[in-house]
Amino acid sequence: MRRWICLCSLLLVVGVLMAAAPAPETPKQDRGSALAELLRSPVNFGGFDDPKSTFQEVKESLEDRYGLTIEVNEAAFKNEQVNDVLSCPIVEKPISKAKNMRLDRILRRVLLRVPAPSGATFLVRPDCIEITTEAAAKQEIAGDRVGTLPPLVNQTFDKRALEVALRDVSDATEVSIILDPRAGEKAKAPLTAKFTNTPVDTAVQVLADMAELKMVQLDNVLYVTTRENADKIRAEQEKEAEKNDRPVARPSLRPINSSGGAGM
């Protein structure tokens, strides 16, 4: 009987201690993934219309409304002679309301108003969304890559068909991505990949390669086709460039607009 009482007491004490113990902290990597997922969520956006609203106030409002954690790389803005970016008014003209719009698109809308010679963009960090300049982001991610930094992909695919993954990337970045019907069954290849702050053309190239296809850029379109057809297109591009005595043109990949989507 005494053993039974002691055992019950011990279990009771263990239960109390477990209840009192703080919940394990979510790993930073998981928080970063959760933020990336949140950015892809459609929300109803109330807009901003107070012309006195500063970047600091808009940032705090976005954090409160949507549960974001946003940090601003003020040093990057200072490098572009924007010494107090958080105090800058950014609603001289109203930022219009929108229903069922992805949160990352809303954030890009807001960042169009932030004064920076190279432009403002965001990166997904392990524990926050970082607002920085396009120049700083490009230097970190693409180094000496020529041209502007393309839209970035922050998505995880788990056994997702290529055609579906490309559609998701197109929708997220607002860049036109076309999948050649000649890809056949390879369009349904199940792919697993995680992209964090990855330029859209790099992400598409990786996904295409995983399905034994190739990507070529045609103006502002990323075209995923068979390897044979991609080689043919690139040969034609190089021949045309040689004829005109200029390098193969690679137009900047920018979102079609700040609110609409690009289709496949």
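Q: What element holds threonine 132, and why is this residue called buried?
A: Threonine 132 lies in strand E5, where strands (E, at least two residues) and helices (H or I, at least four residues) are DSSP runs, numbered from the N terminus. The model is predicted, and in it local features need pLDDT of at least 70 and side-chain atom pairs count only at pLDDT 80 or more, whereas totals for chains, interfaces and linings use all residues. Residues are numbered from 1 along each chain as its sequence is written, and side-chain values use heavy atoms, with hydrogens and water left out. The relative accessible area of threonine 132 is 2%; buried means under 20%, exposed over 50% and partly exposed in between, with a 1.4 Å probe and protein chains only, so threonine 132 is buried.

Q: What makes a residue a contact of threonine 132, and which residues are they?
A: Contact means heavy atoms within 4.5 Å. With neighbours within four places in sequence left aside, threonine 132 is in contact with Asn73, Ala76, Phe77, Gly119, Ala120, Thr121, Leu123 and Ala137.

Q: What makes a set of residues a nonpolar core, and which residues have the most contacts inside the largest one?
A: A nonpolar core is a set of buried Ala, Val, Leu, Ile, Met, Phe, Trp, Tyr and Cys residues that are joined through side-chain atoms within 4.5 Å. The largest such core has 35 residues, and those with the most contacts inside it are Phe55, Leu62, Phe77 and Ile131. At least two residues each come from helix H2 (28-39), strand E1 (42-45), H3, strand E2 (70-72), strand E3 (98-102), H5, strand E4 (120-124) and strand E5 (129-133). The most comes from H5, with five residues. A second, separate core has 25 residues, including Ala193, Ala208, Leu213 and Met215.

Q: How do you know what counts as a cavity, and how many does the search find?
A: On a 1 Å grid over the protein atoms alone, a cavity is a set of points where a 1.4 Å probe fits but cannot get out, whereas a pocket is an open set with protein on both sides within 12 Å along at least five of seven lines, and lining residues have an atom within 4 Å of a point. The search of the whole structure finds one cavity of 30 Å³ or more. The volume of the largest cavity is about 30 Å³, a volume being the space filled by probe spheres set on the points, which are joined across faces, edges and corners. Phe55, Lys59, Leu62, Ile70, Leu107, Val110, Leu111 and Ile131 line it, and the elements that give two or more residues to this lining are helix H3 (55-66) and helix H5 (103-111).

Q: What makes a lining residue nonpolar, polar or charged, and how do the linings of the largest cavity and the second largest pocket divide?
A: Ala, Val, Leu, Ile, Met, Phe, Trp, Tyr, Cys and Pro count as nonpolar, Asp, Glu, Lys and Arg as charged, and the others, Gly among them, as polar. The cavity lining accordingly holds seven nonpolar, no polar and one charged residue, whereas the pocket lining has four nonpolar, seven polar and four charged residues. About 210 Å³ of space lies in this second largest pocket. Of its 15 lining residues, the closest to the centre are Gly32, Ser33, Ala36, Lys194 and Thr196. H2, strand E6 (152-161) and strand E8 (190-199) each give two or more residues to that lining, with the largest share, five residues, coming from H2.

Q: Why are glutamine 155 and valine 153 assigned to their burial class?
A: Glutamine 155 and valine 153 both lie in strand E6. Relative accessibility is 7% for glutamine 155 and 1% for valine 153, so each value meets the criterion for buried.
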